[in-house]
Amino acid sequence: MATIRLGITMAKMKAVVKTKPEPGAELVEIDIPTPKPDEVLVKVLATSICGTDLHIYEWNKWAQNRIRNIPQVMGHELCGEVIELGTNVKAVQKGDVISAETHIACNHCYLCHTGNAHICINGRIFGVDVNGVFAEYAVLPSSNAWILDKKIPRDFASVMEPLGNAVHTVLAGEINGNTTLVTGCGPIGVMSIAVARICGATRIIATDINEYRLQMAKKAGADLVLNPKKDDIVQRVLQETSGLGIDVVLEMSGVSTAIQQGFDCLRPGGRFSILGIPDKPMEIDIGKSIVFKYATVQGINGRLMFSTWHKTSRFLSSGRLNLDSIITHRFRLEEFEKGMELMKSGNCGKVLLYPHPKD
Ligand SMILES: [Zn+2]
Ligand SMILES: [Zn+2]
């Protein structure tokens with residue numbers, strides 16, 4: 001077991017590291033990092049695997065173009081306990097249990113100055129640009145630490161970052177009283193169903209080609225689930241909305257056919273919010289799908305810093321939002337490969353890893 005003395009990190013820790021520019025990752029022993037003046041050192045209590053981590057693990061095209069630092073500790077989503085403070089840190093205390101915003105903003109560019117730190121032009125991300133959190137310990141800027149309300153369970157806290165993506169997407173326009181189509185029922189898609197439901201969406205339709213994920217969508221509160229392999233999505237959605245089309249589309253799949261179906265389902269004047277990322281460019285009839293439809297199309301990136309975090313915390317601490325059906329698998333950190341395989345299969349919701357399983 002690692003020990004830390006006198007503010008000087010003395011020991012080693014286990015970490016899942018991308019050691020080579022090729023598929024895979026390794027569990028290795030590395031030094032426990034020392035927090036810089038504005039950073040905190042946290043003991044990672046729970047961390048969850050994101051689609052981004054799988055891309056880096058599988059070393060797909062995006063990862064090959066995006067990842068510059070190897071070796072690098074993987075992972076970005078966490079719940080941790082602050083155990084050491086950098087010399088300038090004031091707003092965070094030792095013993096605070098935190099989640100973390102994973103976009104590290106520069107705080108001085110145009111976007112940071114105008115309330116858009118989530119799309120900071122100099123932004124960096126844990127586990128992508130700097131060492132991440134698939135480890136027993138991790139350092140992060142204290143301004144990224146989100147001190148948790150004690151009512152929020154640790155497991156829920158570890159998925160607050162992707163949950164924030166869902167909250168940001170759902171609340172990017174009117175939702176109460178609106179019919180809503182969620183295309184793609186991966187973890188963030190299913191979270192957005194749960195959020196849309198408590199925010200007053202009136203009829204929630206969800207699509208995916210994976211039956212496991214459609215079942216998850218149902219448990220999270222979808223009124224109707226459709227599988228494009230079996231169902232005519234556009235026809236069914238038009239049927240369900242008296243021929244009008246759906247008020248809101250939340251695009252979570254990044255799949256071009258699903259995106260097109262979403263536009264074909266959208267009612268004139270509707271909102272189309274996109275979080276899913278297609279892996280290649282796609283063609284779209286802008287006149288038919290957007291202009292004549294008078295559609296509002298939004299790209300969603302990250303979480304508003306930090307209004308989305310306040311809302312996400314309130315949803316969780318009030319008990320209104322329950323993620324039990326969305327967190328489906330739990331492993332020790334050492335078993336990260338099992339988690340990656342599950343993610344690859346699609347037969348899972350959020351997969352959590354525990355670096356200190358006894359605590
Ligand atoms: Zn993530
Ligand atoms: Zn900035």
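# Exercises with worked solutions

Leaving aside residues up to four places away in sequence, G346 touches N210, Y212 and R213 (contact: C-beta atoms, placed from the backbone, within 7 Å). The model is predicted: local features need pLDDT of at least 70, side-chain atom pairs count only at pLDDT 80 or more, and totals for chains, interfaces and linings use all residues. Residues are numbered from 1 along each chain as its sequence is written, and chains are lettered from A and ligands numbered from 1 in the order in which they are written.

## Exercise 1

Locate G346 in the chain and state how far it lies from R213 in sequence and in space.

Solution. 
- Step 1. G346 sits in the loop between helix 12 (336-345) and strand 20 (350-354); helices (H or I, at least four residues) and strands (E, at least two) are DSSP runs, numbered from the N terminus.
- Step 2. Between G346 and R213 there are 133 residues in sequence, while their C-alpha atoms are 7.6 Å apart in space.
- Step 3. Because G346 has 14 C-beta neighbours inside 10 Å, it counts as partly exposed (buried: 20 or more other C-beta atoms within 10 Å of its own; exposed: 12 or fewer; partly exposed: in between).

## Exercise 2

Solution. 
- Step 1. Seven residues of domain 1 and 10 residues of domain 2 take part in the contact.
- Step 2. The largest nonpolar core contains 100 residues, and V40, F134, I193 and V195 have the most contacts inside it (core: buried Ala, Val, Leu, Ile, Met, Phe, Trp, Tyr and Cys residues joined through C-beta atoms within 7 Å). Helix 6 (residues 187-198) is the element that gives the most to this core, namely seven residues.
- Step 3. Leaving aside neighbours within four places in sequence, V195 is in contact with A166, V167, V170, F315 and L321. Another core lies apart from the largest one and has five residues, among them I104, A105, A117 and C120.

## Exercise 3

Solution. 

## Exercise 4

Give the strand order of the open three-stranded sheet, and then contrast its pairing sense with that of strands 17 and 18.

Solution. 
- Step 1. The order in the open sheet of three strands is 4-3-6, and the pairing is antiparallel. Strand 4 (26-31) and strand 6 (72-73) form the edges, each pairing on one side only.
- Step 2. Six bridges connect strand 3 (residues 12-18) with strand 4. V17 has E26 of strand 4 as its bridge partner.
- Step 3. Strand 17 (residues 266-274) and strand 18 (residues 296-299), by contrast, pair in the parallel sense, over four bridges. The partner of F272 in strand 18 is V297. From strand 17 the chain passes through helix 10 (residues 286-291) to reach strand 18.

## Exercise 5

Which peptide bonds are cis, and which residues have a positive phi although they are not glycines?

Solution. 
- Step 1. The bond from I70 to P71 is cis, with omega near 5°. P71 belongs to the loop between helix 2 (61-66) and strand 6.
- Step 2. The bond from M305 to F306 is also cis, with omega near 10°. F306 belongs to the loop between strand 18 and helix 11 (307-317).
- Step 3. N107 has a positive phi of about 70° and lies in the loop between strand 9 (103-104) and helix 3 (110-113). N107 counts as exposed because it has 12 C-beta neighbours inside 10 Å.
- Step 4. Y294 has a positive phi of about 55° and is placed in the loop between helix 10 and strand 18. With 10 C-beta neighbours inside 10 Å, Y294 counts as exposed.

Conventions
Contact = placed C-beta atoms within 7 Å. Pairing = 2+ DSSP bridges. Right-handed = clockwise from strand over helix to strand, strands pointing away.
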